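Colleague: Before I rely on any of the labels attached to this fold, I would like to go through them with you one at a time.

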Amino acid sequence: MKYKLVEKANPQDRDSKKWYANAVNQGTVGQREIAGNIADKSSLTTGDIANAIENLLQEIPKELLKGKSVKLGDFGSFRLTLSSEGAATEKEFNTAMIKNVKVVFTPGTLFKNALSTVKFERD
C-alpha cells in the first residue's frame, strides 16, 4: 500500500505541526470489473455476479432503514448512526435537529485478516 507524508497542524495548537501518513489512492475498480474477477473464480457469469451485487445494493439500504444491522458473514456488517443538535429538554427536541445519518461498516474477521498482511511503500 502506497502512502505519502502530509504535514498537519494540531487543531488545539496551530503552531504545533507533525507529519502523518496518508494513503495514496491507486485508482478505482468498478462493479463490473469486480463481477468479472469473481466470475473468473466461479461457475457464474459476470452478469450473474453483477445482478447479485445490484440486488445486494438494493436490499442493504432497505434493511438499514427498518432499523436493522445487516451482517454479511465474514465480510462484515453495516449499521446506521446519526448525530443531532442537543435540546435543553426532551420535550424541546424535534426531528429537524437530526443532522447527519451515516452508514458504519465493521469488517468481519476474515475481511480484517485478509488486510493484515499489508506492506507499506512510500510514494
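Modeller: What follows sets each label against its definition.

Colleague: What kind of model is this, and how are residues numbered?

Modeller: It is a predicted model, in which local features need pLDDT of at least 70 and side-chain atom pairs count only at pLDDT 80 or more, while totals for chains, interfaces and linings use all residues. Residues are numbered from 1 along each chain as its sequence is written, and side-chain values use heavy atoms, with hydrogens and water left out.

Colleague: Why is Ala-23 called exposed?

Modeller: The scale calls a residue buried under 20% relative accessible area, exposed over 50% and partly exposed in between, with a 1.4 Å probe and protein chains only. Ala-23 has a relative accessible area of 55%, so the label exposed applies. Met-1, at 51% relative accessibility, therefore also counts as exposed, whereas Ala-87, with 32%, is partly exposed.

Colleague: What makes strand 2 hardly covered?

Modeller: Strand 2 covers residues 13–23, and the count of buried residues among its eleven residues is zero. A strand here is a DSSP run of E with at least two residues, a helix is a run of H or I with at least four, and both are numbered from the N terminus.

Colleague: What contacts does Ala-23 make beyond its neighbours within four places in sequence?

Modeller: Contact means heavy atoms within 4.5 Å, and, with those neighbours left aside, Ala-23 is in contact with Met-1, Lys-2 and Tyr-3. Met-1, which lies in the segment before strand 1, is in contact with Ala-23, Val-118, Lys-119, Phe-120 and Glu-121 when its own neighbours within four places are left aside. Ala-23 and Arg-122 are 99 residues apart in sequence and 9.5 Å apart in space, C-alpha to C-alpha.

Colleague: Which strands make up the other open sheet, and how do they pair?

Modeller: Its order is 3-4-5, with antiparallel pairing. Strand 3 (70–71) and strand 5 (98–107) are at the edges, each with a single partner strand, so one side of each has no neighbour in the sheet.

Colleague: Over how many bridges do strand 3 and strand 4 pair?

Modeller: Strand 3 and strand 4 (residues 76–84) pair over two bridges in the antiparallel sense, and the criterion asks for at least two. Val-70 stands opposite Phe-78, and Lys-71 stands opposite Ser-77. Their hairpin has four residues between the strands, and there Gly-73 takes a positive phi near 55 degrees. Strand 4 and strand 5 pair over nine bridges, also in the antiparallel sense, with Val-104 as the bridge partner of Arg-79.

Colleague: Where is Ala-87 found?

Modeller: Ala-87 is in the loop between strand 4 and strand 5. Leaving aside its neighbours within four places in sequence, Ala-87 is in contact with Glu-92, Phe-93 and Met-97.

Colleague: What makes the lining of the largest pocket nonpolar by class?

Modeller: Ala, Val, Leu, Ile, Met, Phe, Trp, Tyr, Cys and Pro count as nonpolar, Asp, Glu, Lys and Arg as charged, and the others, Gly among them, as polar. The lining consists of Ile-53, Leu-56, Leu-57, Ile-60, Leu-72, Phe-75 and Phe-78, which gives seven nonpolar, no polar and no charged residues. Helix 2 (residues 46–65) supplies the largest share, four residues.

Conventions:
On a 1 Å grid over the protein atoms alone, a cavity is a set of points where a 1.4 Å probe fits but cannot get out, and a pocket is an open set with protein on both sides within 12 Å along at least five of seven lines; lining residues have an atom within 4 Å of a point.
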